[in-house]
Amino acid sequence: MDPYGPGLELKQEFEKNCDCTVEYVDAGGAKMAMERMKLDPTRRVDLILGLDHILLSSFAQTIKFQQLSAPDVPLREELRPFIYPRFIPYDWSPMGFVYRKGEVPVVSSWQEAFEQWPDRTLSLQDPELSAPGLEWLYWLYLQPKELTKNFVQLNRIAHSVSPSWSASYGFFRKGQVQAAFTYLTSLIYHWSEEKNEAYQFMQFKEGHPVQIEYAAVPDSCWNCGSAKKFVSFLLTEKAQKILAAKNYMLPVRNDVQLPEVYTKLPNVKILGPGRLDEFVGRQDEILDLWRKARR
Amino acid sequence: MKFWISGERLVANYFMNNEIVRIVLQTSIQSVWSASSSILFGLVCAWGLLKIPQSRLRGGVQILLLLPSVLPALYIVTASLEVFSHLQWGLYGLWAVVVVHTLMNMGLVGVSIVQLIEGKMGGMIELALVEGASRWILFKTTIAYLKHEIVLIFFYVFAISFVSLSVPLLVGGDSGATVEVYIYRLALGRGQFSEAILLSIGQIFFLALFSFFLQRPWPRRSRAVVSLHNFGSAICLGFSLLISAILIFSSLSGFGLGLSQVLENQVIMARLPELLVGSFTECMTVSLLVFGLLNVYLFLWPHAILHRVSLGLSAPSTVLIALGLYAIFDSQNHNDLIVLAVVAIGFTLTVWPTLYRLRGYEVLRRLEDQMAQAQILGATRRQIFLDITLPQAWSDFAFVAGVAAFWASGDFALSTIIVGRDITLAMLAQTLVGGYRIEAAATVTWLALVVGIFVFLLFQGVGRVGYKKSYT
C-alpha cells in the first residue's frame, strides 16, 4: 500500500462503520491482476479495485462478477457512457501528453506530433503489459490514417515503451524524454507537491482517451456484503475527496469540492466509448501489427 | 559492427514469422556483444586494479567496482542513459542493453581477472618487470596465457546476459528483447502460461548445452600474495573508478529530497522498523538457505550428477518461479515470517546456479583431494565433513551466503508477485516508484542495500570466527 496513497485513509474511514477489517493485496496493474486471477481463480478475493474500462470485457470473460446497483450519486456527465452493470467507476482522468515547458514543441494532434517532434521524444507504456499502454493504442487506433503508417511514425518519436506507467514516467521525470503519455492529473502532483508549473498538458483537438478506474465484486467473494458496502463507500463525498487528494485522480461525482489546484487543470475534450468494442474485438490483431511495426 | 548489425537484420527478416526463433537469435547476439564488451572493459578494470597493492584499500575499491552489478536495474539504466545523453547519444534497443550489461558486469569481470592474473602469473610478471619487460607487451602476453580462463568468463557473462530480464524490459525495446522478456510477456501480458513454461524449459536446456563445453565454472580465486602495482595502469584505474562513481552517484541523485520525503511521512516512519525487519529476515533466510545448500553439497561431495546439473543449470525464469509460488502458496493466509521464507526459497532458486559457478564449486573442488585421502584412510563421510572439509569451507561458504543476502536485499520483482503487500524495504521502494515518489524510492532502496551489506558483513564475521576456531 502506497504510504502517500489513499488506501490507508480509505481503510480507516470505512472500518469505523463496518465492523470488519480491510486488507489490501497489491496485484500489480490491472493486466497483471487479471492474469493472476486466471492463474488461480479460487483465490479469495472480495473486491477488485483499479479495473480499466478497456480491460473490462476481458475481465468479464475470465471472471464472473456480482451485479451491483447503479451508483445513486450525481455522476459527471462525461462518464455516463462508461457506466456498466457490474462495474462501478470511482475515479478517472483524461490521458495524454505531459511535457515540461520549453523542451518540446506543443502540438494539438498526433499528426503534428509526428511532424514536429524530434526523434525519441516520447515515453510510452507497453500495451501488452500495462493498461495505460492500451489507452494510447486505442487513441492512435482512432486516428484517420492507417494504423500501420501511424506505428511507423510513432517508432521515430518514441524513446521507449516501458513495462509499466512508473518506469515510463520515471524516464520522463529523470529528463530522459521530453514528453510522456500519462494522466492529466499527473500535473496535480507536480503543481502541488513540487510547486513546479513547468509541467503542462498538450490538448488535442480530436479529444483524449480517458482512464476510468472501476470497482467490482467477483462471484467468488466471501464477504460480499462488506465488499458491496465498500463500493458504495467509495462513492461517498468523503471517499471521493480522499481519492482526489491522494490518488491524483478526478472524482466521478460532480458535487465534490476539490482543492484549488484542480481548478487550474485544462478542460479537455473526452473521447467516448464509441469504437471501444471494435478496438477490444480487434485488440490481438492490433497488438500484432504493433509488434511487427516495431521490428 | 556493421557486419553484425546487418547480420542481425538478415536473420530478423528471414525468421520474422517465427517470433521465438527470432527472439532466441536476438538474445544470443545481444549476449555475445554483452559478454565481449564486458570482457574488454573488464580487462581495463583489471589492469587498473593491479595498480593498487593487495590491501584493505584494494578491497574497498573492488566493492566500489562491484556495486553496479547489485544496484537495482532501474537506477543503473537511468544513470547510464543520463551519462550518454550528456554525450548526445540516445540509447535504446539492443545497444542500450549491451551498454548497461557492460557497465554492470565490467567490475565483476575485472575483479575476477585480477585474481586470475595474480594467482596464475603473479610471480612471472613480478620477475618480468624486474627484468625490464614493457607493461603493454606483458599485458598482451598475460591475456594470451589466460585465454582459456577468459573464454570461461565470456561464457558465464553470456549466460547472465542471456537470462537478463530487468534491463531489456526497461530499455531493450523490440530489438533488445530477450527470451526472459518474451516469457514475461507470455505469462503476464498474454496469459499464455504453458507456452511460457515450455520456453523457460527450452532456455534452461539451451544454456545447459554450454556445460558440455565448460569443464569448470568461474576461474579459481587466487590466494597468492604478489606485488604487481608497477604492472598496473593508473589511467585504467581512473577510468574504471570514474565509471563506477558516475553510476553510483547518478543513482543517488535526489537522495536528499527523498530522505526528507521519507522522514516527513508518518506512515513510512511508523512502518520502517517492520520493513527493516522484513528485509533483514529475507536476507538472512536467503543466506542461511544458500549456506545450508552449500553444506549439503559438501557432505555429498564428490557427486558427479549434482555437479553436472548445478554447473549446467540456469535458473528458471524469475517470473515463472514467482507465478508458480503464487499459485501454490496463498500469502494472504500466512504471517509475514512464513511468507518471507517462501520468497527466500524462490529467490535462492534464481541465484543458486550463479553462486555455485562463481565460488561454490571452486571451494568443493579444492577439498576433493583431501576427501579422497581421508576416505582411503577409512574416515566416514560424517567424519570427513565435520573434521576436515567444513572447517576449511566455512569462511568461503559464509562469503557466498553473504553475497546472496546482498543480492536479496534489492529483490522486489519476485516478492511483489508472490506477496501482494509491502513487507520489505525493496517492495516499498517499488510501490513508491509507482506513485511519483522516485526520490523517496531511491532513498528506501539505499536503505535496503545497507541491510544487505549488514547481513553480508555479519556472515563475513561468522566466516572469520568459524575459520579461526577450526584452527584452534
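## Two helices side by side

In chain B, helix α9 (residues 179-189) packs against helix α15 (residues 318-328) at an angle of about 30°, and their axes are 8 Å apart. Axes here are lines fitted to C-alpha atoms, for helices over the stretch in contact, with angles running from 0 to 180 degrees between N-to-C directions. Helices are DSSP runs of H or I with at least four residues, strands are E runs of at least two, and both are numbered from the N terminus. α9(B) and α15(B) are therefore roughly parallel to each other (angles under 35 degrees count as that).

Who does the touching? From α9(B) come Glu180(B), Ile183(B), Tyr184(B), Ala187(B) and Leu188(B), while α15(B) brings Thr318(B), Val319(B), Leu320(B) and Leu323(B) (contact means heavy atoms within 4.5 Å). These split into 7 nonpolar, 1 polar and 1 charged. Ala, Val, Leu, Ile, Met, Phe, Trp, Tyr, Cys and Pro count as nonpolar, Asp, Glu, Lys and Arg as charged, and the others, Gly among them, as polar.

## About the model

This is a predicted model: local features need pLDDT of at least 70 and side-chain atom pairs pLDDT 80 or more, while totals for chains, interfaces and linings use all residues. Residues are numbered from 1 along each chain as its sequence is written, chains are lettered from A and ligands numbered from 1 in the order written, and side-chain values use heavy atoms, leaving out hydrogens and water.

## Where the chains meet

Now for the interface: 42 residues of chain A are in contact with 53 residues of chain B. Together they bury about 4700 Å², with carbon and sulfur atoms giving 54% (buried area is the accessible area, with a 1.4 Å probe, that two parts lose on being put together, summed over both). Tyr4(A), Arg43(A) and Arg295(A) supply 16% of what chain A buries against chain B, more than any other three residues.

There are 5 salt bridges between chain A and chain B (a side-chain nitrogen of Lys or Arg within 4 Å of a carboxyl oxygen of Asp or Glu). Arg190(B) and Glu128(A) meet in a salt bridge, at 2.4 Å from N to O.

Most residues other than glycine have a negative phi, and most peptide bonds are trans. Trp301(B) and Pro302(B) are joined by a cis peptide bond, with omega about -5°. Lys195(A), not a glycine, has a positive phi of about 55°.

Notes
Parallel < 35°, antiparallel > 145°, perpendicular 65-115°, else oblique.
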